[in-house]
Amino acid sequence: AGVGAPSSGVGATIVGANGDVWGEVVGEDGKVWKLAGGRIAKKETEGSKWHWAGAAGVGAPSSGVGATIVGANGDVWGEVVGEDGKVWKLAGGRIAKKETEGSKWHWAGAAGVGAPS
């Protein structure tokens, strides 16, 4: 979810448990969220089959797939959607080299940065 995008509900992005981005929520229909492209996400499977992109708090990992990476300057680089050897793949196509963790970037919420206390 980009800056200013809602963290849940219509306009937010849903990510599968495997890290694949399912899409942006464009509507709600009772027990399901309707996604751009026609896919649906059952509300009852939140946390087991999918989660909200950038969801900080319950069920959101602090590192790895599903976590958010923040640049050393404080800019959010994005949510990790996959892993490929020496790099983390981020939503939107960017990558973060694992070897530069701590110098060029850190996990959101690491050492209290970017996380509410």
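**Reading side-chain contacts**

Analyst: Glu83 has a relative accessibility of 48% and therefore counts as partly exposed, a class lying between buried (under 20% relative accessible area) and exposed (over 50%), computed with a 1.4 Å probe on protein chains only. The model is predicted, so local features need pLDDT of at least 70 and side-chain atom pairs pLDDT 80 or more, while totals for chains, interfaces and linings use all residues. Residues are numbered from 1 along each chain as its sequence is written, and side-chain values use heavy atoms, without hydrogens and water.

User: Which residue does Glu83 meet in a salt bridge?

Analyst: A salt bridge is a side-chain nitrogen of Lys or Arg within 4 Å of a carboxyl oxygen of Asp or Glu. Here Glu83 meets Lys98, at 2.3 Å from N to O, and the pair links distant parts of the chain, 15 residues apart. Lys98 is also partly exposed, with a relative accessible area of 25%. The structure holds two salt bridges; in one of them Lys43 pairs with Glu28, their closest N and O atoms being 2.3 Å apart.

User: How many aromatic pairs does the whole structure hold?

Analyst: Rings of Phe, Tyr and Trp (its six-membered ring) pair if their centres lie within 6.5 Å, with planes under 30 degrees apart stacked, over 60 edge-to-face and the rest tilted. The search finds four such pairs. Among them, Trp50 and Trp52 have ring centres 5.1 Å apart and planes at 90°, so this pair is edge-to-face.

How values were computed
Helix = DSSP H or I, 4+ residues; strand = E, 2+ residues; numbered from the N terminus.
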